[in-house]
Amino acid sequence: MAYILSVFAVRNLLFLSLALNVSLILRVLLLHDSQDGSFNGLFFAEQKKEALATKITRLSSSVSPSSSSLTMAQGDEDRVINLDHGDPTMYESYWQKKGDETTVVIPGWQFMSYFSDATRLCWFLEPEFAKQIVRLHNVVGNAVTENRHIVVGTGSTQLFQAALYALSPCAEAEPISVVSAAPYYSSYPLITDCLKSRLYKWAGDARSFSKNGPYIELVTSPNNPDGFARRSVVNGSEGILIHDLAYYWPQYTPISSPANYDLMLFTVSKSTGHAGMRIGWALVKDEDVARKMTKYIEINTIGVSKDSQVRAAKVLKVISDNSEGPNEGDSFFEFSYRVMAKRWKQLREAVQQSGLFSVSDFPPQLCMFLNRVFEPQPAFAWIKCEGDIEDCESFLRGKKILTRGGKHFGVSPKYVRISMLDRDKNYDTFVRRLSTIRS
């Protein structure tokens, strides 16, 4: 009898532990941060409290004290598809096939100093990373690197902040206005105003900006969220431009000519898919601006991880090698182009079958790098809900598809941004579900 009670007590203890762990895991998943640094769980707090309780009850009830294992299989029709953020996990399969080609081993004694090269303007920039940045741009032909200073940052977000710091005039009585044409990247307002700086402040849609005096205009091309090529739109004589070229790579858009601007931002996360490295770089024409950007990063984080730079240099080298060498057919950009082309074809077919949505069309262009004519196939789909659907984000949330609504980008809530870069399983489930939505 004592033995039976003992076994029963252990099983109940295991059951209780399992329920608590399931609850914790679901909470972490719901509070996982998005690309904008916002929290999905907080954003949908009220809606998800009830869903969380339902999931915990369902999972807990499937386990009895006599169970020896937990089965958490769930049908696609019940699964929430989260395409709110641009986590580029689509690229995992390519890098898995490359095996050890991009493996980096760093002995514990290496890269211990703050300094990479004290003689450089950007003293924490690893020389090999700088070399591979220049090489890749020259191979692809998407940016001018001659007579440019390279500033490395912890992703393009830090570089954007550094650029605002460097470009803002210190002698002005009020903060300089920062604008971008709507629909603009949803993080721009958040990043610009998060520190409540006296140097700069968010001033909204560049198309409606008419204030006299200096201003900073952010030009994202191809644009996030709608994928179109962009130019500056404000006609003021005192404007300063920042060009965010995170998506100017041949898997997303034809490379027609090298970008040649005073300040250009790039990021590893969208060029190679390695978002977890947290590495980006700026090509800066003006030495004083590059020096001020470097100073900001020095004050902010005392440089950038050398380990990440070494790993990023290895990845960029493999991409350049495969683009130029005998294995050109297996190059990263060929793979990425094919996947994006397939996904956009699937999306357009799903939109047509449903009849409730519309998606942008793009004019085809010749890509000098891939040597073929094709339509842009952006990293995000900018979808509009047609008819009487006024809040597209809420409508799709009801279909268990999480997106980011137009209001975050300065436009109508009839629009949503949907990531095209998720894993195959999630993306395939999304297009199947979208094609069946009728009302």
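# A guided tour of the predicted model

The protein's secondary structure comes to 13 helices and 15 strands, where helices (H or I, at least four residues) and strands (E, at least two) are DSSP runs numbered from the N terminus. This is a predicted model, in which local features need pLDDT of at least 70 and side-chain atom pairs count only at pLDDT 80 or more, while totals for chains, interfaces and linings use all residues. Residues are numbered from 1 along each chain as its sequence is written, and side-chain values use heavy atoms, with hydrogens and water left out.

Begin with the whole protein on the screen. Of its 439 residues, 50% count as buried, a word that stands for under 20% relative accessible area, with exposed meaning over 50% and partly exposed in between (1.4 Å probe, protein chains only). Among the contacts with a separation of 6 or more, 73% are between residues 24 or more positions apart, and contact here means heavy atoms within 4.5 Å.

**Two helices side by side**

Select residues 332-354, which form helix H11, together with residues 424-436, which form helix H13. Their axes come within 7 Å and cross at roughly 20°; axes are lines fitted to C-alpha atoms, for helices over the stretch in contact, and angles run from 0 to 180 degrees between N-to-C directions. H11 and H13 are therefore roughly parallel to each other, since angles under 35 degrees count as roughly parallel, over 145 as roughly antiparallel, 65 to 115 as roughly perpendicular and the rest as oblique. The residues making this contact include Trp344, Leu347 and Val351 of H11 and Tyr427, Phe430 and Leu434 of H13. By class, the contact has eight nonpolar, four polar and three charged residues, where Ala, Val, Leu, Ile, Met, Phe, Trp, Tyr, Cys and Pro count as nonpolar, Asp, Glu, Lys and Arg as charged, and the others, Gly among them, as polar.

Now pick out Leu434, which is found in helix H13. Its relative accessibility is 1%, so Leu434 counts as buried. Leaving aside neighbours within four places in sequence, Leu434 is in contact with Leu347, Ala350, Val351, Ser354, Phe357 and Leu396.

**Two cis peptide bonds**

Most peptide bonds are trans. Select Ala182 and Pro183, however, and the peptide bond from Ala182 to Pro183 is cis, with omega near 0°; Pro183 has its place in the loop between strand E3 (176-180) and helix H7 (187-193). Next, select Ser221 and Pro222, where the peptide bond is again cis, with omega near -5°, and where Pro222 is found in the loop between strand E5 (215-220) and strand E6 (239-244).

**A cavity**

Stay with Pro222, as it is one of the residues that line the largest cavity, along with Asn223, Asn224, Gly227, Tyr247, Tyr252, Pro378, Ala379 and Phe380. A cavity is a set of points, on a 1 Å grid over the protein atoms alone, where a 1.4 Å probe fits but cannot get out, and lining residues have an atom within 4 Å of a point. The lining has six nonpolar, three polar and no charged residues.

**Two lysines with positive phi**

Most residues other than glycine have a negative phi. Select Lys196, in the loop between H7 and strand E4 (200-205), and you will find a positive phi of about 50°; at 74% relative accessibility, Lys196 counts as exposed. Finish at Lys400, in the loop between helix H12 (392-398) and strand E13 (401-402), which has a positive phi of about 65° and is partly exposed, with a relative accessible area of 32%.

Definitions and conventions: On a 1 Å grid over the protein atoms alone, a cavity is a set of points where a 1.4 Å probe fits but cannot get out, and a pocket is an open set with protein on both sides within 12 Å along at least five of seven lines; lining residues have an atom within 4 Å of a point.
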